[in-house]
Amino acid sequence: MATLRRDGFVSMRAGKTPGQVLTRVLKWPAGRRLHVNVDARKGQLRVAVLGDDGQPLAGFEQSRVVSGDHTDVAIQWAGAEGKSPSSRLVQLRFELTDADLYSYWLK
């Protein structure tokens, strides 16, 4: 029997040269936190939340670094501990180096 990681069929992969993934515009529901499924054992992941003008939101310019292999890790913001960009239209910019991003969700 073989097992796969959660949402592990496809990933966005970045090698030693950093890469970015920009999401479509989405509404961030009040009280939700961003979670990711990422394999960054050799590298890292950071996330920025962009407003409707394409600029990073204050306090959400850059998340804390995520490294290691995680199927469910909550993203933490250095400038907005415990806060979320509630009920706003936003885009997420994932910045990866030597990492695989499998999925993200708000819960």
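A residue counts as buried under 20% relative accessible area, as exposed over 50%, and as partly exposed in between, with a 1.4 Å probe and protein chains only. Leucine 4, at 60% relative accessibility, therefore counts as exposed. The model is predicted, so local features need pLDDT of at least 70 and side-chain atom pairs count only at pLDDT 80 or more, while totals for chains, interfaces and linings use all residues. Residues are numbered from 1 along each chain as its sequence is written, and side-chain values use heavy atoms, with hydrogens and water left out.

Leucine 4 is found in the segment before strand 1 (12-14); strands here are DSSP runs of E with at least two residues, numbered from the N terminus. Together, Leu4, Phe9 and Val10 make a nonpolar surface patch of about 400 Å². Such a patch is made of residues with over 30% relative accessible area and no salt bridge, the nonpolar side chains being joined within 5 Å. A salt bridge is a side-chain nitrogen of Lys or Arg within 4 Å of a carboxyl oxygen of Asp or Glu.

Strands are said to pair if DSSP finds at least two bridges between them. Strand 4 pairs with strand 7 in the antiparallel sense over six bridges, and leucine 34 has leucine 106 in strand 7 as its bridge partner.

Aromatic rings come next. Two aromatic pairs are present in the structure. Rings of Phe, Tyr and Trp (its six-membered ring) pair if their centres lie within 6.5 Å; planes under 30 degrees apart count as stacked, over 60 as edge-to-face and the rest as tilted. Phenylalanine 60 and tryptophan 77 form an edge-to-face pair, 5.3 Å centre to centre with 70° between the planes. This pair links distant parts of the chain, 17 residues apart, and both phenylalanine 60 and tryptophan 77 are buried. Phenylalanine 94 and tyrosine 104 form a tilted pair, at 5.2 Å centre to centre and 45° between the planes. Phenylalanine 94 lies in strand 6 and tyrosine 104 in strand 7 (residues 99-106), 10 residues apart. Phenylalanine 94 counts as buried because its relative accessibility is 0%, whereas tyrosine 104, at 34%, counts as partly exposed.

Notes. Helix = DSSP H or I, 4+ residues; strand = E, 2+ residues; numbered from the N terminus. Patch = residues over 30% accessible without salt bridge, like charges linked within 9 Å, V, L, I, M, F, W, Y side chains within 5 Å. Areas by Shrake-Rupley, 256 points an atom, 1.4 Å probe, with all protein chains shown as cover.
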